[in-house]
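Please read the numbered points below beside the sequence and the coordinates.

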Amino acid sequence: ELAYRLGNYPSALASVSEALELSEQHTYPPQLAEIYLKFAEIYADLSQHEIAVKYHFEVLRISEKIGLRYITARSYADLSWIFMERKDYERSEEYIRKAQAIREGIGDRRGIGNCYNVLGLLRLEQKKISEAIPALEQ
C-alpha cells in the first residue's frame with residue numbers, strides 16, 4: 001500500500017503479485033477480490049485501462065458471487081471513472097448507477113456522496129450543466 005501511495009508502481013505491482021501468489025495458494029476469495037482491486041487501481045493510475053478493466057471484472061466475478069457488496073460497489077465506481085475517461089459516457093453512467101444502488105442498499109453515505117459527485121462530473125463532461133449542478137449539490 002505504501003509503495004502505491006508513493007507512486008512507486010513497479011514496487012506496488014511486485015507486492016500485489018506476491019500477495020496474489022500467497023492468496024491463490026490458500027484460495028481465500030475475499031482476499032483475492034481485494035488483490036485484484038489493487039491491481040485494477042494500479043493499472044488505472046498507469047492509464048493501462050484495458051488491463052484495469054480486466055481486473056475489475058475479476059473483482060466483480062468474485063465479489064458478486066460471495067456477497068462482498070462494498071467491494072462490488074467500489075469496483076463499479078472505479079469502472080465508471082475509467083469509462084468516463086474513455087468518453088464512453090453510457091457505460092460510465094451504467095456502472096456508477098450500479099455502485100449507487102449497492103451503496104444505498106448498504107447505507108454507505110460516503111460512497112453515495114461519491115456517486116453523486118461522479119454523476120455530476122459525468123454531466124459536466126457531457127456539457128449538460130443544468131443536470132450537473134443538482135448532482136454535485138447532493
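1. R123 lies in helix α7, where helices (H or I, at least four residues) and strands (E, at least two) are DSSP runs, numbered from the N terminus. With a relative accessibility of 9%, R123 counts as buried, a class that means under 20% relative accessible area, whereas exposed means over 50% and partly exposed lies in between (1.4 Å probe, protein chains only). Once its neighbours within four places in sequence are left aside, R123 is in contact (heavy atoms within 4.5 Å) with E93, R97, K128, E131 and A132. This is a predicted model, in which local features need pLDDT of at least 70 and side-chain atom pairs count only at pLDDT 80 or more, while totals for chains, interfaces and linings use all residues. Residues are numbered from 1 along each chain as its sequence is written, and side-chain values use heavy atoms, with hydrogens and water left out.

2. C115 is placed in helix α7 as well, and it is buried because its relative accessible area is 0%. Not counting residues up to four places away in sequence, C115 touches I96, A99, Q100 and R103.

3. The C-alpha atoms of I42 and Y4 are separated by 7.3 Å, although the two residues are 38 residues apart along the chain. I42 counts as buried because its relative accessibility is 0%.

4. Y36 is another residue found in helix α3, and at 10% relative accessibility Y36 counts as buried. Its C-alpha atom is separated by 9.1 Å from that of F57, a residue 21 positions away along the chain.

5. Most residues other than glycine have a negative phi. S47, however, has a positive phi of about 60 degrees although it is not a glycine; this residue sits in the loop between α3 and α4 (49–66), and S47 is exposed, since its relative accessible area is 52%. K127, likewise a residue other than glycine, has a positive phi near 65 degrees. The place of K127 is in the loop between α7 and α8 (129–137), and with 68% relative accessibility K127 counts as exposed.

6. The second largest pocket holds about 230 Å³ of space. Here a pocket is, on a 1 Å grid over the protein atoms alone, an open set of points where a 1.4 Å probe fits, with protein on both sides within 12 Å along at least five of seven lines, and lining residues have an atom within 4 Å of a point. The volume is the space filled by probe spheres set on the points, which are joined across faces, edges and corners. The lining consists of Y70, R74, A77, D78, W81, R103, D108, R110, G111 and N114.

7. Which helices each supply at least two residues of this lining? They are α5 (69–85) and α7 (109–125), and the largest share, five residues, comes from α5. By class, the lining of the second largest pocket has three nonpolar, two polar and five charged residues; Ala, Val, Leu, Ile, Met, Phe, Trp, Tyr, Cys and Pro count as nonpolar, Asp, Glu, Lys and Arg as charged, and the others, Gly among them, as polar.

8. Taken as a whole, the protein has eight helices and zero strands. Its C-alpha trace spans about 50 × 30 × 25 Å along the principal axes.

9. Buried residues make up 42% of the 138 residues in the protein. Among contacts with a separation of 6 or more, 46% are accounted for by residues 24 or more positions apart. The accessible surface of the protein, from the Shrake-Rupley method with a 1.4 Å probe, comes to about 7,900 Å², and 50% of it belongs to carbon and sulfur atoms.
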